[in-house]
Amino acid sequence: MEKKIYKAAVIGCGRIGVLQEKDWDIKPATHAFAFLKNPRTKLVAVADSNIENLNKAKKMLPKGVKFFSDAEKLLREINPDIVSVAVPRGGHCALVELLTKYKAPAIICEKPMADTIEQAKKMIADCKKSKSLLLINHQRRFDPALSEIRDEIKKGTFGKIQKARCLYVNGMCNTGSHVIDYLRFCLGDIKSVSAVKNMQAETYDKKDYCVDASFKFKNGTDVVWQSLDRRAYCIWEAEFYGTKKAVKIRDLGQTVEIVGLRPSRRYVGFKELDHEKPEKLGNQNRSFFKAMAQHVVDCLDKKIKPASTGEDGLAALKVLAAIKKSAENKGKRVDI
Amino acid sequence: MTKKYTAAVIGCGRIGMKMELDPKRSHPATHVGAWLNNPRTELVALADPNPASKEVAAQVAPGVPMYSSAEELFAAVKPDIVSIATILEGHYPVVMAAAKAGVKAIVCEKPIAESVEQGLEMIDACKKSGSLLIINHFRRFDPVLNQWAQKVRGGLIGDIQQITGTYSIGLYHMGTHLIDFIRMFAGDIDWVMGKQNTRAHTAIPGDTCVDAIMGMRSGARAAIQSLNVKDYSNFEVRFLGTKGSVCVRDMGRGIEYIPVQESKQYGGFCELHPDKLEYHENPYFAKMTSMTDYVVACLDGTVENGSKGEDGLAVLRVLMALKMSGEADGSTVVV
């Protein structure tokens, strides 16, 4: 029997929805093109109340895709299987409520999932009622290589993870949210945070400042999280120091290296990390959007369980709220 | 004719002399071995209260007289150079005795002292006696690491934004090297927020491991983390500037430099891409000969002492702040 082709729509035609496709070499680089390229999905419509963005999207997307300035009209006319929510964060909750009214089978919501914890809880409840699958686009959860690292951490391949450290730019909610989520994906829940603001690291959104923080995970792992100025360069890195091996993820998640041990050349009887022979994982130029689209298809086919649920998005939001509270109290520890 | 300097070692334990007998180490591995090995120095005396040290000395430095205390040694000989390789408690009295004896160059193991007050007195006594006080944070003597520190301070990677560092074996053992190294590249540390890491093994009784976020005077931030040496040892420091990054890894054996470049993958962005990584091996790393060459050059007047008592004292202040913050569950402590 021929497999079902899922109808997809994207609401929000800004950078992440459509426009950055022309700027990035790693493609697909947007929600719209991810669903255009996937053989099991068909991009049927996009919507944006911002007419300028909608017109730009019209020039980029192929014939056959329908354009709407009103999201509800799109839902009424198209009845899509998959809808991407790629509007600014303040609009996520209301839009998810609308999508659940139309019983959208799968909703991919950009991160962070909401402005407040209450909104996030409402979104989860609305999706449960309508039986919509709610996925948060913390997209590194969908990437095979980064998922493999998580699986190997869980299996204990690297030993017990003693420490981890991460670097990010452009706001604790904007990009920092991805790091928090990936740490949770790999290490489980965070027990407490201590954070200090870093006002030298500029952000697009002035309200979304950067912080440097230390986290204690429930499994005992200690993590530091450091922020840099986006005007200098873009960075997203995570390093895990296990008792048997270390893992270094660089280049926004594209370069993954596993570093084993060798006898120490300085301390007799001890070991050290062997940086000369790292094991590399995953090909370069992997598109996280491609992986996202495939993940949604596999979830709708019921082949896999969703890897990035509303509950995961809510948990990341709670951590961000705790970080903010600590940063506004000069680094006082906040238990989650 | 080039002058030959006389040298003595006070404290003949592991770093003073014993590790010279370890066949697995590269030699010279100790103060005694280093002064014996340097063509510009003559080892003239040793001191250690432990009678067993005499047997080791007979193998490592045959014919060099061994005294049971610093006082005995200084009563008998007036060396140009003294290495102080006693336990921490011995640093203060022996430096004071060496300064009183008019020793020209005093190489003191790290950390400088047990307290800031002791450190201040030691610095003052050396100034009054005209003695050079050199703290053995040995990476300061390494010519390759010094070049990289100069490049970073000179703006190779722009303004430093963040520093990351890992260490093991305790704050007062390897942590002191890490703090000194951060200062060497990036200047003073103003405040710390530390958390004790009780799972990481320490070598010195009473020492502790602390993880911390620190504020640099420049406005940059640093985060240090401690690992359990029973799993593996690690000393790695990365400086992330606005124009690139420099990572000193493998204890100081290798340096990775990545310049900022326009992203090939993401239009409109710059990045630190691993494809642009330049790796530089450091052939001088951790050789005790670097220390003795450096001290000789200081005495010759060709090099200015770059590991002063004041540097050692600044490190001690940070170590004490880290310990205090760690004991207070991460409260901010101003250095």
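Two strands count as paired when DSSP finds at least two bridges between them, and strands are DSSP runs of E of at least two residues, while helices are runs of H or I of at least four, both numbered from the N terminus. By that rule, chain B of this predicted model holds an open sheet of 6 strands in the order β3-β2-β1-β4-β5-β6, with parallel pairing. β3 (66-67) and β6 (132-135) of chain B stand at the edges with a single partner strand each, so one side of each has no neighbour in the sheet.

**Around β1(B)**
- Strand β1 (residues 5-10) of chain B is largely enclosed by the rest of the structure, because 5 of its 6 residues are buried (under 20% relative accessible area, 1.4 Å probe, protein chains only).
- With strand β2 (residues 41-47) of chain B, β1(B) pairs in the parallel sense over 6 bridges, and V9(B) has L46(B) as its bridge partner in β2(B).
- β1(B) also pairs in the parallel sense with strand β4 (residues 81-84) of chain B, over 4 bridges; here V9(B) stands opposite S83(B).

- β2(B) and β3(B) run parallel and are joined by 2 bridges.
- A47(B) stands opposite Y67(B) in β3(B).

**Reading the numbers**
- Residues are numbered from 1 along each chain as its sequence is written, and chains are lettered from A and ligands numbered from 1 in the order in which they are written.
- Local features need pLDDT of at least 70, side-chain atom pairs count only at pLDDT 80 or more, and totals for chains, interfaces and linings use all residues, while side-chain values use heavy atoms, leaving out hydrogens and water.

Key: Buried means under 20% relative accessible area, exposed over 50%, partly exposed in between (1.4 Å probe, protein chains only).
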